[in-house]
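Hi,

Here is the structure I promised to pass on to you. Could you have a look at it alongside my notes on the aromatic side chains below?

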Amino acid sequence: MSDLIEAIKARKFVVFGRAGMDMFADPVGTKSEHAEVFRADLGGSSANICAGLVKLGCEAALVTSVSDDAVGRFATNRLKHYGVDTTYVRPEGGEARTSLAIYESCIEDFQNVIYRNGAADFQVTEEDVDRVDYSRFSALITAGTVFAGQPSREATFKAFENAKAAGLPVIFDIDYRPYSWPSPQVAADVLTRAGEASDMIVGNDEEFGFMAGGINKGLAMAKELSQDGRFIIYKMGHEGAVTFFEGQEIRTGIYPVTAVKPNGAGDSFMAGLLAGIAEGRDLKEAILRGSACASIVVSKAGCAPSMPTTPQLEDFLASHAGPTAP
(Lines give C-alpha, C1' and ligand atoms only; values in the text may rest on other atoms or scores of the structure.)
Protein backbone atom coordinates (compact mmCIF):
# COMPACT_ATOMS: atom_id res chain seq x y z
CA MET A 1 0.00 0.00 0.00
CA SER A 2 1.41 3.39 -0.96
CA ASP A 3 2.38 6.12 1.48
CA LEU A 4 -0.22 8.34 -0.19
CA ILE A 5 -3.07 5.94 0.61
CA GLU A 6 -1.88 5.52 4.18
CA ALA A 7 -1.70 9.30 4.59
CA ILE A 8 -5.27 9.70 3.32
CA LYS A 9 -6.43 7.00 5.71
CA ALA A 10 -5.18 9.12 8.62
CA ARG A 11 -7.97 11.64 7.74
CA LYS A 12 -6.15 14.80 8.81
CA PHE A 13 -6.00 17.32 5.97
CA VAL A 14 -4.49 20.79 5.75
CA VAL A 15 -6.12 22.61 2.84
CA PHE A 16 -4.87 25.70 1.00
CA GLY A 17 -7.09 28.02 -1.02
CA ARG A 18 -10.00 30.37 -0.84
CA ALA A 19 -13.05 30.74 1.33
CA GLY A 20 -15.77 33.05 0.10
CA MET A 21 -19.41 33.97 0.30
CA ASP A 22 -21.94 32.34 -2.02
CA MET A 23 -25.27 34.01 -2.69
CA PHE A 24 -27.79 31.96 -4.63
CA ALA A 25 -31.23 32.94 -5.87
CA ASP A 26 -34.18 31.45 -4.00
CA PRO A 27 -36.31 29.50 -4.77
CA VAL A 28 -34.70 26.93 -7.09
CA GLY A 29 -35.20 27.90 -10.72
CA THR A 30 -35.10 31.66 -10.14
CA LYS A 31 -32.77 33.66 -12.38
CA SER A 32 -30.50 36.04 -10.49
CA GLU A 33 -31.70 39.07 -12.41
CA HIS A 34 -35.29 38.36 -11.36
CA ALA A 35 -34.59 37.28 -7.77
CA GLU A 36 -36.10 39.03 -4.78
CA VAL A 37 -34.48 36.70 -2.25
CA PHE A 38 -30.93 35.33 -2.11
CA ARG A 39 -29.60 32.78 0.37
CA ALA A 40 -26.04 33.07 1.61
CA ASP A 41 -23.54 30.44 2.70
CA LEU A 42 -19.91 29.42 2.54
CA GLY A 43 -18.27 29.23 -0.87
CA GLY A 44 -14.84 28.88 -2.46
CA SER A 45 -13.41 25.63 -3.78
CA SER A 46 -11.01 24.87 -0.94
CA ALA A 47 -13.55 25.85 1.73
CA ASN A 48 -16.11 23.59 0.07
CA ILE A 49 -13.65 20.70 0.05
CA CYS A 50 -13.04 21.27 3.77
CA ALA A 51 -16.77 21.28 4.56
CA GLY A 52 -17.28 18.15 2.48
CA LEU A 53 -14.45 16.30 4.22
CA VAL A 54 -15.67 17.17 7.71
CA LYS A 55 -19.23 16.14 6.86
CA LEU A 56 -17.83 12.76 5.80
CA GLY A 57 -15.92 12.17 9.03
CA CYS A 58 -12.48 13.62 8.27
CA GLU A 59 -10.61 16.53 9.84
CA ALA A 60 -9.76 19.61 7.79
CA ALA A 61 -8.01 22.90 8.50
CA LEU A 62 -8.08 25.73 5.97
CA VAL A 63 -5.06 27.99 5.38
CA THR A 64 -6.18 31.25 3.80
CA SER A 65 -6.70 34.95 4.36
CA VAL A 66 -10.08 36.69 4.40
CA SER A 67 -10.96 40.37 4.44
CA ASP A 68 -11.07 41.97 7.87
CA ASP A 69 -14.73 42.87 7.54
CA ALA A 70 -18.22 41.45 7.91
CA VAL A 71 -17.96 39.27 4.80
CA GLY A 72 -14.63 37.78 5.87
CA ARG A 73 -16.04 37.08 9.31
CA PHE A 74 -19.12 35.53 7.71
CA ALA A 75 -16.92 33.08 5.77
CA THR A 76 -14.89 32.26 8.89
CA ASN A 77 -18.03 31.72 10.96
CA ARG A 78 -19.49 29.40 8.33
CA LEU A 79 -16.26 27.40 8.26
CA LYS A 80 -16.60 26.97 12.02
CA HIS A 81 -20.28 26.04 11.57
CA TYR A 82 -19.23 23.12 9.36
CA GLY A 83 -16.53 22.03 11.80
CA VAL A 84 -13.55 23.25 9.80
CA ASP A 85 -10.43 24.25 11.79
CA THR A 86 -9.88 28.00 11.27
CA THR A 87 -6.61 28.28 13.21
CA TYR A 88 -4.81 29.37 10.03
CA VAL A 89 -7.47 31.70 8.61
CA ARG A 90 -5.97 35.21 8.87
CA PRO A 91 -7.88 38.50 8.53
CA GLU A 92 -6.34 40.78 5.90
CA GLY A 93 -6.83 44.54 6.23
CA GLY A 94 -6.74 47.29 3.67
CA GLU A 95 -8.61 46.98 0.37
CA ALA A 96 -8.42 43.18 0.08
CA ARG A 97 -11.85 41.58 -0.20
CA THR A 98 -13.22 38.09 0.35
CA SER A 99 -14.56 36.62 -2.89
CA LEU A 100 -18.29 36.76 -3.63
CA ALA A 101 -20.13 34.42 -6.02
CA ILE A 102 -23.71 35.12 -7.07
CA TYR A 103 -25.43 32.31 -8.93
CA GLU A 104 -28.71 30.59 -9.54
CA SER A 105 -30.12 27.08 -9.24
CA CYS A 106 -31.00 26.44 -12.86
CA ILE A 107 -29.04 24.73 -15.62
CA GLU A 108 -30.37 26.60 -18.66
CA ASP A 109 -28.28 29.72 -19.28
CA PHE A 110 -26.66 29.27 -15.86
CA GLN A 111 -25.08 32.46 -14.57
CA ASN A 112 -22.31 32.56 -11.98
CA VAL A 113 -21.04 36.09 -11.35
CA ILE A 114 -17.81 36.07 -9.34
CA TYR A 115 -16.22 39.11 -7.73
CA ARG A 116 -12.47 38.55 -7.41
CA ASN A 117 -10.93 42.04 -7.67
CA GLY A 118 -8.32 42.47 -4.95
CA ALA A 119 -9.02 38.97 -3.65
CA ALA A 120 -8.01 38.53 -0.01
CA ASP A 121 -6.97 34.89 -0.46
CA PHE A 122 -4.14 35.95 -2.82
CA GLN A 123 -2.56 37.71 0.18
CA VAL A 124 -1.43 34.48 1.88
CA THR A 125 2.31 34.86 2.57
CA GLU A 126 5.25 32.57 3.21
CA GLU A 127 5.02 33.63 6.86
CA ASP A 128 1.44 32.34 6.90
CA VAL A 129 2.38 28.92 5.55
CA ASP A 130 5.42 28.68 7.82
CA ARG A 131 3.14 29.13 10.85
CA VAL A 132 1.32 25.91 10.02
CA ASP A 133 2.17 22.95 12.25
CA TYR A 134 2.46 20.31 9.51
CA SER A 135 3.04 17.57 12.08
CA ARG A 136 -0.68 17.83 12.97
CA PHE A 137 -1.72 16.63 9.50
CA SER A 138 -1.36 13.62 7.26
CA ALA A 139 -1.78 15.22 3.80
CA LEU A 140 -1.90 18.62 2.10
CA ILE A 141 -4.65 19.57 -0.37
CA THR A 142 -4.69 22.61 -2.60
CA ALA A 143 -6.93 23.95 -5.34
CA GLY A 144 -5.21 25.56 -8.30
CA THR A 145 -6.74 28.99 -7.75
CA VAL A 146 -4.08 29.77 -5.11
CA PHE A 147 -1.45 29.85 -7.86
CA ALA A 148 -3.18 32.54 -9.93
CA GLY A 149 -1.83 35.49 -7.91
CA GLN A 150 0.99 36.63 -5.67
CA PRO A 151 2.10 36.29 -2.93
CA SER A 152 -0.11 33.18 -2.52
CA ARG A 153 1.52 31.43 -5.50
CA GLU A 154 5.03 31.28 -4.11
CA ALA A 155 3.69 30.89 -0.57
CA THR A 156 1.86 27.73 -1.58
CA PHE A 157 4.92 26.33 -3.32
CA LYS A 158 6.73 26.99 -0.03
CA ALA A 159 3.93 25.08 1.72
CA PHE A 160 4.59 22.17 -0.66
CA GLU A 161 8.23 22.17 0.48
CA ASN A 162 7.20 22.33 4.14
CA ALA A 163 4.76 19.48 3.66
CA LYS A 164 7.32 17.29 1.90
CA ALA A 165 9.84 17.97 4.68
CA ALA A 166 7.21 16.83 7.19
CA GLY A 167 6.43 13.69 5.18
CA LEU A 168 3.03 14.84 3.89
CA PRO A 169 1.91 14.00 0.35
CA VAL A 170 0.48 16.79 -1.81
CA ILE A 171 -2.99 16.47 -3.36
CA PHE A 172 -3.71 18.95 -6.17
CA ASP A 173 -7.09 19.86 -7.66
CA ILE A 174 -6.22 21.76 -10.87
CA ASP A 175 -9.36 23.94 -10.60
CA TYR A 176 -8.40 26.19 -13.54
CA ARG A 177 -10.46 29.39 -13.68
CA PRO A 178 -9.27 31.64 -16.51
CA TYR A 179 -10.64 34.88 -15.03
CA SER A 180 -8.22 34.60 -12.09
CA TRP A 181 -5.04 34.42 -14.17
CA PRO A 182 -2.94 37.14 -15.84
CA SER A 183 -2.62 35.02 -19.02
CA PRO A 184 -3.22 31.46 -20.28
CA GLN A 185 0.53 30.93 -20.73
CA VAL A 186 1.31 31.85 -17.13
CA ALA A 187 -1.49 29.55 -15.99
CA ALA A 188 -0.25 26.61 -18.06
CA ASP A 189 3.32 27.02 -16.84
CA VAL A 190 2.45 27.43 -13.16
CA LEU A 191 -0.19 24.69 -13.03
CA THR A 192 2.22 22.28 -14.73
CA ARG A 193 4.85 23.16 -12.13
CA ALA A 194 2.30 22.48 -9.38
CA GLY A 195 1.32 19.17 -10.94
CA GLU A 196 4.91 18.01 -11.16
CA ALA A 197 5.33 18.80 -7.44
CA SER A 198 2.21 16.83 -6.45
CA ASP A 199 1.57 13.22 -5.52
CA MET A 200 -2.08 13.18 -6.57
CA ILE A 201 -3.74 15.28 -9.28
CA VAL A 202 -7.46 15.60 -9.94
CA GLY A 203 -8.74 17.52 -12.95
CA ASN A 204 -11.14 17.42 -15.83
CA ASP A 205 -10.41 16.85 -19.50
CA GLU A 206 -10.36 20.58 -20.26
CA GLU A 207 -7.89 21.29 -17.44
CA PHE A 208 -5.47 18.53 -18.40
CA GLY A 209 -5.88 19.54 -22.04
CA PHE A 210 -5.11 23.15 -21.20
CA MET A 211 -1.93 22.15 -19.38
CA ALA A 212 -0.94 19.86 -22.26
CA GLY A 213 -1.53 22.49 -24.95
CA GLY A 214 -4.67 20.97 -26.50
CA ILE A 215 -7.83 19.14 -25.38
CA ASN A 216 -6.82 16.12 -27.46
CA LYS A 217 -3.53 15.86 -25.55
CA GLY A 218 -4.96 15.90 -22.01
CA LEU A 219 -5.49 12.18 -21.50
CA ALA A 220 -1.96 11.40 -22.68
CA MET A 221 -0.57 14.00 -20.29
CA ALA A 222 -2.59 12.52 -17.41
CA LYS A 223 -1.24 9.06 -18.18
CA GLU A 224 2.31 10.39 -18.50
CA LEU A 225 2.09 12.13 -15.11
CA SER A 226 1.07 8.81 -13.56
CA GLN A 227 4.22 7.09 -14.80
CA ASP A 228 6.23 8.47 -11.86
CA GLY A 229 3.88 6.92 -9.31
CA ARG A 230 1.38 9.77 -9.10
CA PHE A 231 -2.31 9.15 -8.49
CA ILE A 232 -4.17 10.80 -11.39
CA ILE A 233 -7.91 11.24 -11.89
CA TYR A 234 -9.00 12.49 -15.31
CA LYS A 235 -12.65 13.56 -15.16
CA MET A 236 -14.81 13.68 -18.28
CA GLY A 237 -18.13 15.10 -17.09
CA HIS A 238 -21.09 12.91 -17.98
CA GLU A 239 -18.72 10.34 -19.48
CA GLY A 240 -17.25 9.53 -16.07
CA ALA A 241 -13.57 9.38 -15.17
CA VAL A 242 -10.33 7.53 -15.84
CA THR A 243 -7.99 6.91 -12.91
CA PHE A 244 -4.32 6.00 -13.22
CA PHE A 245 -2.55 4.62 -10.15
CA GLU A 246 0.18 2.05 -9.58
CA GLY A 247 -0.23 0.60 -13.06
CA GLN A 248 -4.02 0.45 -12.84
CA GLU A 249 -6.34 2.17 -15.31
CA ILE A 250 -9.81 2.37 -13.75
CA ARG A 251 -12.79 3.66 -15.71
CA THR A 252 -15.90 4.73 -13.81
CA GLY A 253 -19.29 6.17 -14.68
CA ILE A 254 -21.50 8.72 -12.97
CA TYR A 255 -24.77 8.78 -11.05
CA PRO A 256 -27.35 10.55 -13.25
CA VAL A 257 -29.53 13.07 -11.42
CA THR A 258 -31.70 16.04 -12.29
CA ALA A 259 -29.20 18.85 -11.81
CA VAL A 260 -30.24 22.33 -10.69
CA LYS A 261 -26.74 23.84 -11.11
CA PRO A 262 -23.32 22.77 -12.40
CA ASN A 263 -21.02 24.20 -9.70
CA GLY A 264 -19.67 22.50 -6.58
CA ALA A 265 -19.42 19.06 -8.18
CA GLY A 266 -15.63 18.93 -8.29
CA ASP A 267 -15.23 20.00 -4.68
CA SER A 268 -17.70 17.38 -3.51
CA PHE A 269 -16.06 14.73 -5.70
CA MET A 270 -12.71 15.40 -4.05
CA ALA A 271 -14.18 15.17 -0.54
CA GLY A 272 -16.09 11.98 -1.29
CA LEU A 273 -13.13 10.34 -2.99
CA LEU A 274 -10.72 11.06 -0.14
CA ALA A 275 -13.25 10.06 2.53
CA GLY A 276 -13.90 6.80 0.69
CA ILE A 277 -10.18 6.00 0.57
CA ALA A 278 -9.89 6.99 4.25
CA GLU A 279 -12.59 4.46 5.09
CA GLY A 280 -10.46 1.71 3.53
CA ARG A 281 -12.68 1.16 0.51
CA ASP A 282 -11.16 -0.15 -2.70
CA LEU A 283 -10.17 2.50 -5.20
CA LYS A 284 -13.03 2.04 -7.67
CA GLU A 285 -15.62 2.24 -4.90
CA ALA A 286 -13.99 5.36 -3.45
CA ILE A 287 -14.05 7.05 -6.88
CA LEU A 288 -17.72 6.16 -7.31
CA ARG A 289 -18.53 7.55 -3.88
CA GLY A 290 -16.88 10.79 -5.00
CA SER A 291 -19.05 10.73 -8.12
CA ALA A 292 -22.15 10.19 -6.00
CA CYS A 293 -21.23 13.18 -3.82
CA ALA A 294 -20.84 15.30 -6.96
CA SER A 295 -24.30 14.25 -8.15
CA ILE A 296 -25.84 15.08 -4.79
CA VAL A 297 -24.37 18.60 -4.81
CA VAL A 298 -25.52 19.52 -8.32
CA SER A 299 -29.04 18.36 -7.49
CA LYS A 300 -29.42 20.87 -4.62
CA ALA A 301 -29.10 24.60 -4.07
CA GLY A 302 -25.81 25.90 -2.68
CA CYS A 303 -22.42 24.21 -2.48
CA ALA A 304 -21.19 23.84 1.12
CA PRO A 305 -24.73 23.28 2.49
CA SER A 306 -25.44 20.58 -0.09
CA MET A 307 -22.27 18.57 0.59
CA PRO A 308 -23.57 15.25 1.93
CA THR A 309 -22.96 13.70 5.32
CA THR A 310 -22.10 10.00 5.42
CA PRO A 311 -25.73 8.96 6.17
CA GLN A 312 -26.98 11.16 3.31
CA LEU A 313 -24.45 9.61 0.95
CA GLU A 314 -25.47 6.10 2.03
CA ASP A 315 -29.15 6.96 1.52
CA PHE A 316 -28.41 8.25 -1.97
CA LEU A 317 -26.47 5.13 -2.93
CA ALA A 318 -29.16 2.86 -1.52
CA SER A 319 -31.94 4.60 -3.45
CA HIS A 320 -30.10 5.14 -6.73
CA ALA A 321 -30.11 2.63 -9.57
CA GLY A 322 -26.32 2.80 -9.78
CA PRO A 323 -23.63 4.41 -11.90
CA THR A 324 -23.59 4.50 -15.68
CA ALA A 325 -21.32 2.12 -17.52
CA PRO A 326 -17.91 3.72 -18.13
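Ten aromatic pairs turn up when rings of Phe, Tyr and Trp (its six-membered ring) are paired if their centres lie within 6.5 Å, with planes under 30 degrees apart called stacked, over 60 edge-to-face and the rest tilted. One of them joins F147 and F160 edge-to-face, at 5.8 Å centre to centre and 85 degrees between the planes. F147 lies in the loop between β8 (139–143) and α5 (152–165) while F160 is in helix α5, so this pair ties together parts 13 residues apart in sequence. Helices (H or I, at least four residues) and strands (E, at least two) are DSSP runs, numbered from the N terminus.

F147 is buried at 0% relative accessibility, and F160 is buried too, at 4%. Buried here means under 20% relative accessible area (1.4 Å probe, protein chains only). F147 and F160 also belong to one aromatic cluster with F157 and F172.

There are charges to look at as well: the charged end of R193 sits over the ring of F157, 3.6 Å from its centre, and R116 lies over the face of F122, at 4.8 Å from the ring centre. The rule asks for NZ of Lys or CZ of Arg within 6 Å of the ring centre and within 35 degrees of the ring normal.

A word on the source: this is a predicted model, where local features need pLDDT of at least 70 and side-chain atom pairs count only at pLDDT 80 or more, while totals for chains, interfaces and linings use all residues. Residues are numbered from 1 along each chain as its sequence is written, and side-chain values use heavy atoms, leaving out hydrogens and water.

Best wishes

Terms used
Buried means under 20% relative accessible area, exposed over 50%, partly exposed in between (1.4 Å probe, protein chains only).
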